Amino acid sequence: MKILTAEQMRDIDRRTMALGVPSLILMENAACRFTEFLERRYAPLERHRIVVVCGKGNNGGDGMAIARQLHLRARPASLDVVLAWPPEELRGDAEANYRMLAALGVPVHRAVEPRMRAATLVVDALLGTGLSGPARGVALDFIREINRGFPGAEIVSVDMPSGLCEDGESVLPAHTVTFTAPKVEQVLPPTCDRVGRLHVVQIGTPPEMLERDASLWLALVEPRRFSRIFEPRPRGAHKGDFGHVLVIGGAEGKGGAAAMAGWAALKAGAGLVTVACAEAERRTVTALAPELMTQGWLEDPGDKDVIALGPGLGRDPEMVSLAQRLFAQSALPMVVDADGLNALAGTSFHGPGPWRVLTPHPGEMARLAGCTSTDIQADRIGIARRFAMERHVALVLKGQRTVIAFPDGRAFVNPTGTPAMATAGSGDILAGLVAGLLAQWPDRREEALLAAVWLHGRAGELAADEATEWCVTATDLLRHLPPAIREAVS
């Protein structure tokens, strides 16, 4: 699912109308899809007391069309429309919908009356995607009214929570129903935390209009992008069919990191996993998972299919040299994490092929890119995309709304994850999941990478639901991997 800026959305609307689809029809379609959402989510609507708060622009026009649909289709217990600006200021489609609403006899008020505060459902149609800067004046007053004036109501925003921007106050809905595609503000922090649950509905835009040049290509990770890699396995399959992962790490005192990565690769479905680690750590590795095999760091990778380089590797000069040499010379697909990334920092490395996958957190990314963590957080998508293109690697920039960038300029935002995953070993689990899925799907590597990131975050969410955000440990993610997979393929 593509992610659009406000300007891209306006351009798509203009081009759709140029094909002969009137803007009033797009607005009507939006109202129908929004009303259908309310009918599904809040059935039966006949029991609800509904207030629709409208602005004077297209978002307000959507709101008045929604009110008309509710009046004709749902017949709620009460329905009130509040128009934040004088009707004389309405123009175009908003004015047309105001006149249609008046023709039906639906009252339109200029203020919230005391009886309306008993509403059970508030529709926020005050401001849309055209806002520039924080809301002020009348708009800000109504935003505060919506948030605080209806204590028993759930709020549902039309297309965009009114006022949503990094520095201003905005409506805080339980749900946002947006049209055609998710918008950047709705999926990236810090504003993504203020949209409630996001729902995307289609209103008649031709799908091909969402295709953009790869350098502008931004999309949301969705299970439908990768669910086919979890089709049932052939009945006659054996372990050799599902790849052999080599995890290289586990310096003395750090065997647990390599063991967790290896265990994650096994849980992701890899047929075989070997951990190359310090001799003193081999017992730690097999104690965590007896299915794991071990070998020395300098042994030939042999017939392995994927390398996971870095979990617990340490920063000994010998290990740094090993990591740099393997990255530059190995013909095998490789996932690089933790101290493997630190070994590459400050070097002018360049991926020998598109399947060098780097999985840095912001601090590691700053060292790789030669900037600060603040710089990284200020432009996560731009930096990830440029770095992947320049170094010819697939980049997984971890954090809230992890960014996955590919060498051709395409980038994805992953919507799953939780602060509960801010715990030692979570990155090792991700490295193992990526390696385990890449080993099984050499011809579907992009899908395998997206699947690993999405499942890692979703398993964390499920673990937090069970154990709270304070009590999740990295290995808990693997216990919740099976239900995350079932959810992805259902």
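1. Two strands count as paired if DSSP finds at least two bridges between them, and strands themselves are DSSP runs (E, at least two residues), just as helices are runs of H or I with at least four, numbered from the N terminus. By that rule, β15 and β16 (residues 403–405) pair in the antiparallel sense, over 3 bridges.

2. Before we go on: this is a predicted model, where local features need pLDDT of at least 70, side-chain atom pairs count only at pLDDT 80 or more, and totals for chains, interfaces and linings use all residues. Residues are numbered from 1 along each chain as its sequence is written, and side-chain values use heavy atoms, with hydrogens and water left out.

3. Have a look at L395. Its bridge partner in β16 is A405, while L358 stands opposite L395 too. Strand β14 (residues 356–358) runs parallel to β15, paired over 2 bridges.

4. The hairpin of β15 and β16 has 5 residues between the strands, and there G399 takes a positive phi near 135 degrees.

5. Which way do the side chains of β15 (residues 394–397) point? A394 and V396 go one way, L395 and L397 the other, and all are buried (under 20% relative accessible area with a 1.4 Å probe, protein chains only; over 50% is exposed, in between partly exposed).

6. Neighbours within four places in sequence aside, V357 is in contact (heavy atoms within 4.5 Å) with M334, V335, V336, A394, V396, V434, L438 and L449.
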